[in-house]
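User: Please take me through the packing in this structure, working from the nonpolar core to the helix contacts and then to the protein as a whole.

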Amino acid sequence: MAHGSHNGISQMHHHPEYYLKDGDVTFHVQGTLFCVHRYFFERESQFFAREFARAPKEGTSDSTAFRLDEVNAADFAKFLWVWYSRSYRCESKPKDHWFTILELSTKWQFPEMKELAVDELQKLDIEPIEKITTYDRYNIDKSLLLPAYKLLCKRASRMSAEEGARLKMPTILGIHEARERAIRSAAESGCRSPTSADAGDEELDKILNDVFNLNSHATNRQGAPSQAKSEPVRTPKPGLNGATNSNANGLSSSGSSNQNDNKQKDAEKNKGTGKQS
């Protein structure tokens, strides 16, 4: 994050959706000004909390807007969408949309936003190599990669040189070992001319868990060690006021969800399209 921009303000324009009348922090992203609510950034991100404490006067006007240099305006708008969309539960977004949110939430230390991105990516059909490389890059729970590892083990063809170049060497060696063990397991079960695809699903799960240490290094969806082997907690999406609603199990309850939706509707009435330049 750089210091506020002091030159060329007249050449900038307000974002058509995210320059809000009641916004209290302004960001400058590639010639576009965003005026949104500071609360989200202070509450959800240690990175922005430190930045705001370091320079409390920045972001208070267009001329002192916080400058974000390592993101483009379109991607920053996707990031803000998580907080300001009233229909996020109904909208089906492509993987690239969630990849962007995953990248920015990791860069700016928004743990709940990152967990939401992982939850949404888990619902999508992502090619195994791409999923493995992405989850490795952002240090996401490896146990979530079990289906991707299985697809690579069960397919008829081995990994191509191009695919291998995208993966880390431990992953390549692990897939090779798992395929060989799956072939041996199928042969021991009486299969003639076995392939790795002939091993049963349960046996292949066991092999992959062992090869990649998935059970002994159980983690949550952001890669941090977990306390138990229960399913990762699904963190509810932040409401429009930055709060999250959850029950004792960490799952959004219907009552809390409805209350959150009502808050979003009330806040949406006060949302403006922007001040006049």
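User: Which residues have the most contacts inside the largest nonpolar core?

Analyst: This is a predicted model, in which local features need pLDDT of at least 70, side-chain atom pairs count only at pLDDT 80 or more, and totals for chains, interfaces and linings use all residues. Residues are numbered from 1 along each chain as its sequence is written, and side-chain values use heavy atoms, with hydrogens and water left out. A nonpolar core is a set of buried Ala, Val, Leu, Ile, Met, Phe, Trp, Tyr and Cys residues joined through side-chain atoms within 4.5 Å, where buried means under 20% relative accessible area, exposed over 50% and partly exposed in between (1.4 Å probe, protein chains only). The largest such core has 60 residues, and those with the most contacts inside it are Phe27, Phe41, Phe76 and Trp108.

User: Which helix gives the largest share of this core?

Analyst: Helices (H or I, at least four residues) and strands (E, at least two) are DSSP runs, numbered from the N terminus. The largest share of the core, 9 residues, comes from residues 73-84, which form helix α3.

User: Is Phe27 buried or exposed?

Analyst: Phe27 lies in strand β2, residues 25-29. Because its relative accessibility is 0%, Phe27 counts as buried.

User: How are α4 and α5 oriented, roughly parallel or roughly antiparallel?

Analyst: Helix α4 (residues 95-107) and helix α5 (residues 111-122) pack with their axes 8 Å apart and at an angle of about 155°. Axes are lines fitted to C-alpha atoms, for helices over the stretch in contact, and angles run from 0 to 180 degrees between N-to-C directions. Angles under 35 degrees count as roughly parallel, over 145 as roughly antiparallel, 65 to 115 as roughly perpendicular and the rest as oblique, so α4 is to α5 roughly antiparallel.

User: Which elements are included in what covers the buried residues of α7?

Analyst: In helix α7 (residues 146-154), the buried residues are Leu146, Ala148, Tyr149, Lys150, Leu152 and Cys153. Taking contact as heavy atoms within 4.5 Å, what covers these residues includes α6 (128-137), α9 (169-188) and α10 (201-211).

User: What percentage of the contacts with a separation of 6 or more comes from residues 24 or more positions apart?

Analyst: The protein has 11 helices and 4 strands, and buried residues make up 45% of its 277 residues. Among contacts in the protein with a separation of 6 or more, the part from residues 24 or more positions apart is 61%.
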